[in-house]
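Subject: Structure for you to look at, with notes

Dear colleague,

Please find below the structure that I promised to hand over. My notes on what was found in it come after it, and I would be glad if you read them with the model open.

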4 protein chains.
Amino acid sequence: MAIDLRYNAEVTEIVTATEQFIADTVLPLEDQFKGDLEAAGGDDLRVEMQGKAKAAGIFAPHAPVEYGGLGLNMSDRAPVFEAGGRSVFGPFALNINAPDEGNVHMLAHIASEGQKQQFLAPLSAGDVRSAFAMTEPSPGAGSDPSALATLATKVDGGWKINGHKWFITGADGAGFFIIMARTSGEPGSRGGATMFLAPAPDKGIEIVRHVGTIDKAGIGGHCEIKFHDLFVPDENVLGEVNEGFRYAQVRLGPARMTHVMRWLGVAVRAHEVAVDYVARREAFGTRLGDLGMIQAMVADNVIDLSASRALLIKACHELDLGHNAGDETSIAKTFAAEAYSRVLDRSIQMCGGTGVTDDLPLARLQQELRPFRIYDGPSEVHRWAIAKRAVGKAKKAIDAQDVR
Amino acid sequence: MAIDLRYNAEVTEIVTATEQFIADTVLPLEDQFKGDLEAAGGDDLRVEMQGKAKAAGIFAPHAPVEYGGLGLNMSDRAPVFEAGGRSVFGPFALNINAPDEGNVHMLAHIASEGQKQQFLAPLSAGDVRSAFAMTEPSPGAGSDPSALATLATKVDGGWKINGHKWFITGADGAGFFIIMARTSGEPGSRGGATMFLAPAPDKGIEIVRHVGTIDKAGIGGHCEIKFHDLFVPDENVLGEVNEGFRYAQVRLGPARMTHVMRWLGVAVRAHEVAVDYVARREAFGTRLGDLGMIQAMVADNVIDLSASRALLIKACHELDLGHNAGDETSIAKTFAAEAYSRVLDRSIQMCGGTGVTDDLPLARLQQELRPFRIYDGPSEVHRWAIAKRAVGKAKKAIDAQDVR
Amino acid sequence: MAIDLRYNAEVTEIVTATEQFIADTVLPLEDQFKGDLEAAGGDDLRVEMQGKAKAAGIFAPHAPVEYGGLGLNMSDRAPVFEAGGRSVFGPFALNINAPDEGNVHMLAHIASEGQKQQFLAPLSAGDVRSAFAMTEPSPGAGSDPSALATLATKVDGGWKINGHKWFITGADGAGFFIIMARTSGEPGSRGGATMFLAPAPDKGIEIVRHVGTIDKAGIGGHCEIKFHDLFVPDENVLGEVNEGFRYAQVRLGPARMTHVMRWLGVAVRAHEVAVDYVARREAFGTRLGDLGMIQAMVADNVIDLSASRALLIKACHELDLGHNAGDETSIAKTFAAEAYSRVLDRSIQMCGGTGVTDDLPLARLQQELRPFRIYDGPSEVHRWAIAKRAVGKAKKAIDAQDVR
Amino acid sequence: MAIDLRYNAEVTEIVTATEQFIADTVLPLEDQFKGDLEAAGGDDLRVEMQGKAKAAGIFAPHAPVEYGGLGLNMSDRAPVFEAGGRSVFGPFALNINAPDEGNVHMLAHIASEGQKQQFLAPLSAGDVRSAFAMTEPSPGAGSDPSALATLATKVDGGWKINGHKWFITGADGAGFFIIMARTSGEPGSRGGATMFLAPAPDKGIEIVRHVGTIDKAGIGGHCEIKFHDLFVPDENVLGEVNEGFRYAQVRLGPARMTHVMRWLGVAVRAHEVAVDYVARREAFGTRLGDLGMIQAMVADNVIDLSASRALLIKACHELDLGHNAGDETSIAKTFAAEAYSRVLDRSIQMCGGTGVTDDLPLARLQQELRPFRIYDGPSEVHRWAIAKRAVGKAKKAIDAQDVR
């Protein structure tokens, strides 16, 4: 036993094949349609790309082997998802887009056998998309989960759900929803939440609108939705009643890290586009890439990408060891989201006027990336959590001293 | 004589009237059309808004009084343009948008009486728009003006212009162009450039395309254009032949500062939107605006806006004194462009998920603003110029010492 | 009336004379004694330098004319104090060091005629030094003035003061103290504070120790002191009883700005030392000052210094208009303290290995400067105050809307 | 084979024992003498502490087992050196201070058997200290090694060395020097350098002075020295003639990383001191550690420390695999040096006024740390190297495309 940071040969092969697939099959489509997946064909294109990914042997790298995936653990997912993330269409081609990828992960851990057959199997295979309905408009559950206001009431043979959600990614066209609803306590108190599996479409689920956001690369929108007396039978309770907050944690850490992986691919691509640009262009009689201020930006990109990847690997390793890794995943997510933003911004700046045109993908990728510092916990909430742990530990040590 | 930073009553009245006009007449339109001026009506809407601005007595605050303007100097333009800049439609309503505003300034200083009648009068009145054709695609004139490649050749009774330009703001639909073309020397050497006034449209001017850029608020695009044997008669030479680089400087400093003024309005608005948001919303049982990390962002916004305004005022004062103000305008532009970017970014972050939606104007304003760190000289070029002056001065002092 | 940022001829002459005096008389001493004023002669040297400053006609530029000063307002003090601040010994030479300078300012505004004769006259003349005893060790009055714990009890003919203070600059050897003590209410509530004038030394004043701090340039230490039944007669109450918190505000804003002025001098000097260095040295076959990354540091220094000065001028102008200027002085102080830190840090970095040696003054000046982000209100407290005002204003506007 | 970031049990035990030893034996001495090792006893104290470290079984963790060390590879050194670095006296106690530690590493790789007996054995045992004489005052070898000006001339039976060096750490009192001198080519060209082993003291080695630097924690100074016809016999050539630049690389990467390890210990300690402070103190009725702006600083410290450690582990792993790791070590060094500076600065700020006093170790630790962004290659030089590699790789790819 000793420190080892090398991937085994199997993973390395998957990474190489994925890079090849993205470069040859996916990026040309992204560039042609300027990153607008709906315009490029939406679900039809997704299915088509997924077919090719299956043929290439790189489909669903995270899904259980028995459901057609490659069964990679978190550490091994990292380089594969990064390779897949180089195109914003890539995660859809590989079936590792949010929220499907996190839903696969959670269902594999928590669902009953029957639920796996009904929900996990088609999701792993890309036959359906799914949604994860947790976030609510103010004053409901956002950064503060205890504000959960969507209510599930026990009725005969199941539950009736009423509530209001938004930022429900991919909701429009999803084959089923995983819904987080309050089953005990009051908004503001923690109380108990439960997760429900609800096939869609359903008359109890209203798609109010696609919330207009700065990112455009997905399918099915970031939707505002309402549940009107949505009936969910008892057998569609995911796990145990009132254990929803705990299950959310099971999904949370890994899903946080797969975001970091995919966006790493985007940031690496942007950096490479910019370095290619400054390696070609001249101004003031010098190659741009030989000017000190440009070199500083190139180096800062390299440093930011390296540090993000190193923190990601650490957090994945902790998760693979079965640890909660709340600190490590918050650290990696917060650092990476900010580092990628810097990388994108510098990459644009390095390309001057061309950087803000759609002759290069940089400006639109910056828009895609911007929300990542907010989605999945704003940086401020993660910092608050990190600090609470650090200060709490110090308080405990002080109290222990005081007792002695 | 003593330090005085107060505006006189007349200016204060114009500022107040402009704020009122923007709030009541312009911002509602911007919000309705999500900042897309072409979609909102383009030139027709511009003319309509300009009519209302004339009625409000705030039209063309920078234009000479004899051409229907208010004749304000740079110092007094600052608060008025800031007020007008609060809406991205505002500068069009007041006739102070780029490049028209800078063209008015330059024509007022350099044009002959006849040219003033023909070009300045209708431009000041808003009867036409104009374009300023200087920037060229690589390897032509961009950050490095000496690379100027567009060529004007002397012919009988005038000049023939051939060349390739891009980022020519408002070119599509402009009533005339001011064209910067080489009249002596070779690209790479400085040599001599001349400015030409060319009515448009003209068969010698080809609008190749609207370059797709991240900012969307203008009229007439940022165009790529080509000149094919465009004939300009001798009387349409602006100023003297071969003095174009010098005239560009006349336009440069003030135009740089009016950008800073207008974008200050945008940044102030974004800050106010965000502060309003955090003053209303609660999370974790606390008003967002009472949380320390949010307060830090609010304060940093205030500091950035204050410092930008203070540097702007200093630079304008230098220009009003008739100084070159190369240092002061570079400092103000570089600081402000970066400060506004920070302000926009923090404002979005303060509003969480809502910040990246088009329920608020912040995300689209961030896109509008991004190019400002590149247009009108990237920050890196300004830093290089500032440092060259500082180090050059030190070298000179060292050489003087060595002589002694 | 119009914006004017020019100093009048009299002020310009004082600035020039001060620069000359500092360069010829003061800086050589500072460099010889590596910035250690006590080692250089302490109070004896101070008196000697002050004699020369009087001869040069630049002594006590802030003090009332009737007490031998030059009577400059805040705006005019700015460039003079900056010139004086170029040497850390300079403020002592000009009698504008803290806390004497702020005490002169406050006494001129609040003291009775008798108090002026007894305390202001010798202080203005440099015959004595003074101390301002407000800050207390935790849990007393620090960033939070309402925690004031030092107690003044009414006794026959005067007051008895007991309490514990620290960071009392110049206390050791001071001719008198201005003491802030609680005269009503309890620590934690605001209640009432009173200011007392107490000649020193006195058996009721114990100098516990010089607190060892990172800055070394002063005289008389940053002392920890205790008051043991210190008797102060009624005629030595400064202003009105229970008005101490209000008077502290009178002193606070201007004293905050004079710190910004003096440290600006230090930062400008450091920048010039570094620019001189990079204008001389070569590496990799290039003058350091021609390398892009060095140029970026030079330019960022110039920008930081310019913005600090511009914010300072704005705040001084507000104070001269008689405004409270709480926002403007907090903004200028917070920005400048952080900007100067960046300037010092970059200046060291520009000089490489030499930068951290005492062959140059930079490393010790960085130490002198570090506390400025904490003294006189840490940046965090100023940000909190700035944000509270901004959010408070927004809340008020919201409430006003809601009423309508 | 799979990613594994866990240390084996043996290493974990060494780490624990080292932490205990530093806490119980070393830190109390550091605090008592405010970090001044010379004042605390210098070499005598070093020898005494080393005796205790030997007794604790944690002495010389990096040295070969046959020379009394623990024989740890780079990856395993990381947590041990971090633990030892918690006190600035710690590296001396463990015999892992610079330059001795790097010299042990290099001698173990390059020295002949006889040289090992004569030089490596006593150095590993702590019987002598050593110096590494490479850096020269301008215009000699600093960031640019090709400027090497110290000259070794072949004479009968050996070499005569003449030259001028500075920043030679520990030179005063060193038992021997490793000297880098030019043996072919001219300063400015690369040419050939050779390393020589020279016992000290010697009449040919003049200690000109201890260069006064901001860091104070070492023994034997950062010296300016001169070589006057210093004779070195042929058997004291280290490795091959003219291979010095290559050998310097052998030393460089690992020595760069051990700096990062030791300073990580300092940064972690500073962070813990500050967190302990904010967990105890209250202001405005709240524990400091519960205030948002303080929490942001705590979290940023945690993030910076985590990212530094993650990059360090990556670089050490590369070195252990036998790779050159030029990129990885530059990235880790540059990021860590800047991150630690931020950590120290925030830690001081978190403690307010107390932070700048010597009641806490923070202010003096900040001074110790400042040079790390310059020593061992300034951040700017590392960024230049990182960018050159990245842009160079892009150019190569472009050229390869162009050929096709």
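The buried residues of helix 6 of chain D pack against helix 7 (113-124), strand 1 (130-133), strand 4 (176-184) and helix 8 of chain D, where helices (H or I, at least four residues) and strands (E, at least two) are DSSP runs, numbered from the N terminus. Those buried residues are D:D100, D:E101, D:G102, D:N103, D:V104, D:H105, D:M106 and D:L107, a residue being buried if 20 or more other C-beta atoms lie within 10 Å of its own, exposed if 12 or fewer, and partly exposed in between, with C-beta atoms placed from the backbone. Because eight of the 11 residues of helix 6 (residues 100-110) of chain D are buried, this helix is largely enclosed by the rest of the structure.

Before going further, please keep in mind that this is a predicted model, in which local features need pLDDT of at least 70 and side-chain atom pairs count only at pLDDT 80 or more, while totals for chains, interfaces and linings use all residues. Residues are numbered from 1 along each chain as its sequence is written, and chains are lettered from A and ligands numbered from 1 in the order in which they are written.

Turning to chain A, UniProt lists residues 10-127 in an unreviewed entry as "domain: Acyl-CoA dehydrogenase/oxidase N-terminal"; its positions are given in the numbering used here, feature names are shortened, and annotations may be inferred rather than shown by experiment. In the model, residues 10-127 of chain A are 69% helix and 0% strand, with the end C-alpha atoms 27 Å apart.

Helix 4 (residues 74-85) and helix 8 (residues 244-280) of chain A pack at an angle of about 40°, with their axes 7 Å apart; axes are lines fitted to C-alpha atoms, for helices over the stretch in contact, and angles run from 0 to 180 degrees between N-to-C directions. Helix 4 and helix 8 of chain A are therefore oblique to each other, given that angles under 35 degrees count as roughly parallel, over 145 as roughly antiparallel, 65 to 115 as roughly perpendicular and the rest as oblique. By class, the contact of helix 4 with helix 8 of chain A has 11 nonpolar, four polar and three charged residues, where Ala, Val, Leu, Ile, Met, Phe, Trp, Tyr, Cys and Pro count as nonpolar, Asp, Glu, Lys and Arg as charged, and the others, Gly among them, as polar.

Helix 8 of chain A also packs with helix 9 (residues 292-320) of chain A, at an angle of about 160° and with the axes 10 Å apart, which makes helix 8 of chain A roughly antiparallel to helix 9 of chain A. Among the residues of helix 8 that take part are A:G253, A:P254 and A:M257, and those they meet in helix 9 of chain A include A:I294 and A:V298. The contact of helix 8 with helix 9 of chain A has 16 nonpolar, four polar and one charged residues.

As for the interfaces, 39 residues of chain D are in contact with 39 residues of chain A, two residues being in contact if their C-beta atoms, placed from the backbone, lie within 7 Å. Helix 9 of chain D gives the largest share of the side of chain D that touches chain A, 13 residues, and that side divides into 25 nonpolar, seven polar and seven charged residues. The contact between chain D and chain C takes 31 residues from each of these chains. On the side of chain D that touches chain C, the largest share, three residues, comes from helix 11 of chain D, and by class that side has 12 nonpolar, 11 polar and eight charged residues.

Finally, a few single residues. B:T169, in strand 3 (residues 158-169) of chain B, counts as buried because it has 26 C-beta neighbours inside 10 Å, and among the residues it touches are B:A98, B:P99 and B:H222. B:M195, in strand 5 (residues 192-199) of chain B, counts as buried with 29 such neighbours inside 10 Å. C:N8, by contrast, is exposed, with 12 other C-beta atoms within 10 Å, and is found in the segment before helix 1 (9-32) of chain C.

With best wishes

Definitions and conventions:
Lists of a residue's contacts leave out its neighbours within four places in sequence.
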